[in-house]
Every structure is written in structure tokens, then in C-alpha cells.
Amino acid sequence: MTWLHRYARLVCAATLLLITAGGMVTSTGSGLSVPDWPSTYGYFMFAFPLSKMVGGIFYEHGHRMIASAVGLLTIGLAVWLWRVEPRQWMKHLGVAALVAVTLQGVLGGITVLYFLPTPISVSHAGLAQVFFCLTIGLALFTSAGWRRSGALDTHEPVIRDSTLVTLATGLPALVYVQILIGATMRHTGAGLAIPDFPLAFGRLVPPQWSFAIAVHFLHRIGAVATALLILAIARHLLLHHSARRDLIRPAWALVLLVLTQIGLGGWTVLSERAPVINTAHVATGAMVLGTALVLGLRVNRHRFPDARQNEWRSHRAPRIATEPARPGAPI
Amino acid sequence: MQQRNLWTVLSLSLLVMAAAVACGGGGDSGGGAAPAATAPAAPAPAAFDPATAGNLTGMVMLDGELPAAEELMMSSDPVCVMNASNTMSSTFVGSNGHLGNVFVYVKEGLEGRSFPAASGTVVLDQQGCRYTPHVLGMRVGQTLEITNSDPTLHNIHATPTANDEFNMGQPIQGMRFEQSFDTAEVMVPFKCDVHGWMNAYIGVLDHPYFATTAEDGMFDINTLPPGDYVIEAWHEQLGTQTQNVTVTTGQTAEVSFTFSAP
């Protein structure tokens, strides 16, 4: 394991912590407890006294401090990648992460200055997950396992399995849409629009409708769809690719996470949005997305440029090759 | 208009993203406010001779048992724990079936009249990590002075619907600032996002005929022009009730409201 990979994992973990802290800000209703930005009650952010971090300020200012740390870590990661990474697209990915975290900071500031407008707050939540995915990607792509995993004999069964490729590629997209629906529900105050669980007003389908109820119910439908897709992928992998531990492990993790997530979602409703439970739901949602992304990237390993440049070309598959290899042709 | 300004600022922010620290500007809504609550189409405002005035007195009662006041959990700020002399919620106050903290005002019957601008300042104080008073009234254009008497910091976050929202910080004991409202609105909620239990309500009116009931449920609204009125009583959890009443010169009309206990 290289130090760059360790560092990328640190950025990834710090981002999950940041998302969790952001979840606590919303769950405790502390988003406007610091009315100014980028200062904190007129103080330079890093000079704000710890003794004044009370009540909602603890969550909001704490979120800003963790965000600043993640921003600095991301600058470090982007610079490191730019200097040592031979893969050009990885340099660009590092820059993309830096742009994303900067934009995320600006969105956070706008939410404060304009009293949490829903479109901006939802964008802030959505971009947080995009940035988290970028850090997961960077951590994965810098791993030794990723670099080793380009050989055709490992990937050919997956490449042939268009069902798996389609499902595993669609899963992160579905989870992301589900998170956006959840963020909309959260930032429009629709979290308790359906007050019971697992039924809705005692029925399978709500007997009455409003925007809040529709968003809430859509989030529940999305949860069922996500869980079914994850179970289908896990079953498919067990039946057809049981030797691929690098795919089986995230699939099992996804099954565990999505069941936990549904339980937390129900608990959030039944506890009337207890902050800790509500935040655990946000954090677990991010982990579901991150794990789905890892699975999707591994299934699509053969599509990455570094696979083609290394082991991939030296193990060219007959099904993939469009013309026979010529002896002596440059690779 | 606020949305347009918001997106404009967002676009500009994206362009100057690298200089994000410089992005500020506050929540000026710029032109989104409704015009002042005057009556431009009315002929001449009806003159009112105070000698012809009558008075209104009344009582707000609660049918059923007064809910026990909830204890406010202030442990998230040790300063509040040390300084709070009252840690009970102000939502339900009263005794012997009488209900306090009810805002009573003339809702209809004063249309076309004008009144002298309000003099004096209304004070909303933050003391013991609670707002004092909890429910109050003021006039459109009148000065509201918000003070922080606590040795801890507060933010004052007003969330009106007809007026402009604002959110200000008062990190130092003794700080005060002034604010006013352009449009009549019943009620304007106030909250402190630092201390989630702190809230207050201000009724903003374009006339001076309003009152807040004391713990004995009583209220008085004096010097009303003679006429027929709709009186509304507002409670933060029990909602509103209205009564019709006729005020005659030199007489004191009586009106009472009875809310059902939750």
C-alpha cells in the first residue's frame, strides 16, 4: 500500500465524517446558528473560541472546521497526484475533486446567507455525495489491487456478462437519485409527512397526497427498488462469479448496508427524526453509494485506460479484438 | 425577485469560485418587499375624535386542564444552565382556567382609518436564554430593539412570510440592534438556532389596537373608535378564534374567548 493510497483513504474517511457532521447540522436544525459566513460571529473562522461552541454552533461551526480540513486535505491530494501520478486522467480527477470541494464550500456559504433555500440546500447535499464518490474513486484507483486487476483472464467472464455490467453500472446511479430524493425530503421538511412505518397512514399506498407526502413516499419506493437491485446483484454474483472475491465482498457489504439503511429510515420516522438516528441514516446512505460505486467500478475495470495500457492489451480477448494482432505492431 | 437574485449570486459565485472567501453580501432581498401597507385608493382617512372612543376588555380561557409546562433542556450551553432563572416553557401559562400569552387584536373594522405613527421602541430581550416577552405586538414601522442580556451568544432569526427574513448574531452581552417591519403580519416567529428552545412571536399591525393576555387571561384594548369589529385571539399552539363585537362611545365592550385544552 503506497503512501498516496493511504492519504487518499484518509481524505475519503474525512469526507464521510464531514457528511456525518453535515447530517447533524440539519438534523439538529442548526444550519443558521452561525448567521455569517465565511466568518463566525465576526471572528476569523479558525480563531473562533472553543468556549463559544455551544448549542447549534457546535454542529454548524464544527461542520465548517471539518470542511476546511477536508478542503486542505483535498488540495494536498490534488497536488500530490499532479506531481507523482503517471496517469493523466488521475491528475484531472484530483483537480475535479478540488473544484468540487471548493464549489461545495461556496454552496454551503450561500445556504447560510440566504436562509437555507431548498434548491441550494439540496444541491449542497447532492454535491457532497459527488465529492465523496470522487474521493472513493481516487482511493480505489491508487490502490495496489486496482493496478493489479487488469488481467483479461480475471475480467473476461464479467465482460461477457452484460446483465451484471448493466446492473452494477446502474446501481450507483439509482442510489444517487435516491439520495437526492432523500435530500429533497429532508430540506423541504417532509421527513414526517408519512408518520408511520412501514405502512403509510396504515395502508400500503397513502390515501391522501401532497408534495411532501409524494416526496416521502417516492423515497420509500426508491428504498425498495434499491434493496431489490442490490439483492439481485448479490444473487447474480453468487451464482455466476463466486470466485471474484473483489466483487462478492462489496456485494455482501451492500446487502448489509441497505438492510441497515432501511431500518434506520424506519427508525428515523418512528423516533420523529431523532438527530442521531437521522444522521446515521444520512451517513449509511453515503456508505451505500460509496460501496455501490466500488462495485460498479470494479465490474467496469476493463473500460479504464490504465487497464488497456498494461495487462489488458497483452491479454487481448478474441471477443473484444476487432482485428488480429500483427506481430511486431506497436502496443 | 429573491429567487432571481439568488441565482444571480450563485452564478457569480461560480465564476469567482477560486475567490470564494470574498463571496458575501448578506441577505438583501433587493426590491422584493411589498409596498408599505397604506391605503392609496382610499379617499381621505376618516378622522377619529378620541372623545368618541370606547374600550374593549376581555378574557381568554382554557376549557380543560392546562398542560404542564415542559422543562427546557438547556444543557447544550452551560452558561444558560448557570444563568437561567426559569427553565419552563412559555407555551402554556395561566391559572384557574385562564390562558396567558395570547395575542388579541382587531382583525377587521378599522379599514380606511389612519393612525398616528407609533412612538417609542418595543424591546425584545434575551435573558436567561429565553425571549422576554414571549408574545408581543408592535406597529408597522415601529422600532424593535433586540438586546442580548446574556453572557453567551445568541442569533436572532426572524422567519416572517410577508416581511423580509433576517438572521443576526449577538455574540457579546449587552449588544443591541434595531429592526422594523414594513408590512402587517400576525405573527412573526423568532427563534434562536443556537438554543433550539428559544422562540418568540411578534404581531405586527398597522393600527394600535392589540394586547397580549397576562397569566390571568385578561386583556384591555382602549380608545377604540366606535364601530363593529372582528377581534381575533391567537395562541401559538391552539390556533386562532374570532369574535364580533360592537364598541360604542364611552362604553366598555366585553368579549371572551375559550380555547379547548389540547
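This is a predicted model: local features need pLDDT of at least 70, side-chain atom pairs count only at pLDDT 80 or more; totals for chains, interfaces and linings use all residues.
Residues are numbered from 1 along each chain as its sequence is written, chains are lettered from A and ligands numbered from 1 in the order in which they are written, and side-chain values use heavy atoms, with hydrogens and water left out.

Two packed helices are described by the angle between their axes and the distance between the axes. Axes here are lines fitted to C-alpha atoms, for helices over the stretch in contact, and angles run from 0 to 180 degrees between N-to-C directions. Helices (H or I, at least four residues) and strands (E, at least two) are DSSP runs, numbered from the N terminus.

| Pair | Residue ranges | Angle | Axis distance |
|---|---|---|---|
| H1(A) and H4(A) | 3-27 and 118-141 | about 160° | 8 Å |

H1(A) passes H4(A) in a left-handed crossing; that is, the near helix is turned anticlockwise from the far one by less than a right angle, clockwise being right-handed. Contact means heavy atoms within 4.5 Å, and on the H1(A) side the residues include Ala8(A), Val11(A), Leu16(A) and Ile19(A), meeting H4(A) residues including Phe131(A), Phe132(A) and Ile136(A). By class, this contact has 11 nonpolar, 4 polar and 1 charged residues (nonpolar: Ala, Val, Leu, Ile, Met, Phe, Trp, Tyr, Cys and Pro; charged: Asp, Glu, Lys and Arg; polar: the others, Gly among them).

How do things look with H10(A)? The axes of H4(A) and H10(A), residues 275-299, come within 10 Å and cross at roughly 45°. That makes H4(A) oblique to H10(A), and the crossing is right-handed. Among the residues in contact are Phe132(A), Ile136(A) and Leu140(A) of H4(A), along with Leu289(A), Leu293(A) and Leu297(A) of H10(A). The class tally for H4(A) with H10(A) is 11 nonpolar, 3 polar and 1 charged.

Staying in chain A, Phe115(A) has phi near 60°, a positive value in a residue other than glycine, and sits in the loop between helix H3 (88-113) and H4. Arg273(A) also has a positive phi, about 60°, without being a glycine; its place is in the loop between helix H9 (245-270) and H10. Arg273(A) counts as partly exposed at 34% relative accessibility (buried is under 20% relative accessible area, exposed over 50%, partly exposed in between, with a 1.4 Å probe and protein chains only).

Over in chain B, the peptide bond from Thr132(B) to Pro133(B) is cis, with omega near -5°, and Pro133(B) lies in the loop between strands S6 (131-132) and S7 (135-139). Another cis peptide bond joins Val186(B) and Met187(B), with omega about 0°, and Met187(B) is in strand S12 (residues 185-191).

**Chain B overall**

Chain B has 2 helices and 18 strands, and buried residues make up 43% of its 262 residues. Of its contacts between residues at least 6 apart in sequence, 65% join residues at least 24 apart.

Definitions and conventions
Angles under 35 degrees count as roughly parallel, over 145 as roughly antiparallel, 65 to 115 as roughly perpendicular and the rest as oblique.
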